[in-house]
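Here is a short briefing on a protein model. Please look over the sequence and the fold before reading on.

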Amino acid sequence: MRSLPMPQGGDRLLFVRFSSLGDVILAAYEAKALKERFPELELWWLCIHHYREMLASQPYVDGVISLEDHQRRSPRALWELVGRIRDGGFRFMYSLHRGDRTDLMALFSRIGVRIGSHRRLPWAFNRTLDEARSAWGISAPSGKVLYGAPERLEAMGRLVGDGGFVLCAVGTSKPYKTWPPERWAELAGMLIRHGLRVVLAGNGPEEAQAARLVEDSLGETTGLVNLVDRIDLLDLIALEEMALCVVGGDTGPLHMARPIGTRRVGLFSVRDPERVGGHVGPMLWSIISPRAVDSYRELEAASDSGAVMGAIDPHEVLRAVMEAVRQVEA
């Protein structure tokens, strides 16, 4: 096998990670590492439209090709995407996304060097990710990986007001990863009594309902700001950059805090969140449910899966948050 060519100035690389939010955020580490290793490389990211604006605002991303999520399942849209890729003049494809459609896209892209892992088509990629990382000397990126846009930082500053705050991501995609609303209400009340402001973030009807319960529980208070269903991803990045600490279950917003460089307190229903969810880092306080299990698969079939997260004590979460805030203020 011929040696893997090194990217040169002016080369274009198509970086592929369509979704989901947590996976896109984890992939951003590799994208930034590639750009730091080859500053003259032109890196374009292929994603679903939902993440286009967030990725386009990152300094190491030179361009974005996007499509609607439902279009990934359309043969016609897939073929149109292949045409756009062919017109892009890419020398390299670097794919962290696995799937049959990704294999087909790579196979028909006409890109000479295709780096990734095939699922069913052994000819889709001609180099593995490990081969590329080794040959190119890709190492962990330096500093922050996600950056807030200046105009969004200014807008969020006006929205939440002056002073430090704790950002609470009140929902997740799965009930067995979600802390009950009444627990969030307990935590929010205690944080406010300790002189901290609380900002609630999330989207969707279930998270909006949880935020309303927190508001109703606390009554009239100046220490709570409910932004559920009122902000987009760029706003959320800006808020997390401004926050003293981010608290949440195993969900995208918690993943985001790490590359942003913000301290985070994670609430988990599994015993090993590093192995199961990829949650690592020196600025993470992991709160494990006393009823935690080894894998989410065990919880998917459980009739009382919500009780696992519900067993996490708000006082334990409070102690972790106060320690994180103390470190920021030290």
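A crossover counts as right-handed if, with the strands pointing away from the viewer, the path from the first strand over the helix to the second runs clockwise. In this predicted model, strand S1 (residues 12–16), helix H1 (residues 21–37) and strand S2 make a β-α-β unit of that right-handed kind.

**Strand S1 and its partners**
- S1 is mostly covered, with four of its five residues buried.
- S1 and S2 (residues 42–48) run parallel and are joined by five bridges.
- In this pairing, leucine 13 stands opposite leucine 43.
- S1 also runs parallel to strand S4 (residues 92–95), through four bridges.
- Here phenylalanine 15 faces tyrosine 94 of S4.

**Nonpolar cores**
- The largest nonpolar core has 73 residues. Among those that touch the most other members are Leu14, Phe15, Trp45 and Tyr94.
- H1 gives the most to this core: nine residues.
- A second, separate core holds 33 residues, including Val170, Ala188, Val198 and Cys245.
- Tryptophan 45 has contacts that include Phe15, Val24, Ala27, Leu55 and Ile65, leaving aside residues up to four places away in sequence.

**A buried arginine**
- Arginine 264 lies in strand S10 (residues 264–270).
- Arginine 264 is buried but has no salt bridge.
- The nearest side chain of opposite charge is glutamate 240, 8.2 Å away. A salt bridge would need a side-chain nitrogen within 4 Å of a carboxyl oxygen.
- Residues touching arginine 264 include Cys245, Val246, Leu254, Met283 and Trp285, not counting residues up to four places away in sequence.

How values were computed
Residues numbered from 1 in each chain as written. Predicted model: local features only at pLDDT ≥ 70, side-chain atom pairs only at ≥ 80, totals over all residues. Heavy atoms only, no water. Buried < 20%, exposed > 50% of the residue type's maximum accessible area, 1.4 Å probe, protein only. Helix = DSSP H or I, 4+ residues; strand = E, 2+ residues; numbered from the N terminus. Pairing = 2+ DSSP bridges. Lys, Arg positive; Asp, Glu negative; His and termini not counted. Contact = heavy atoms within 4.5 Å. Core = buried A, V, L, I, M, F, W, Y, C linked by side-chain atoms within 4.5 Å.
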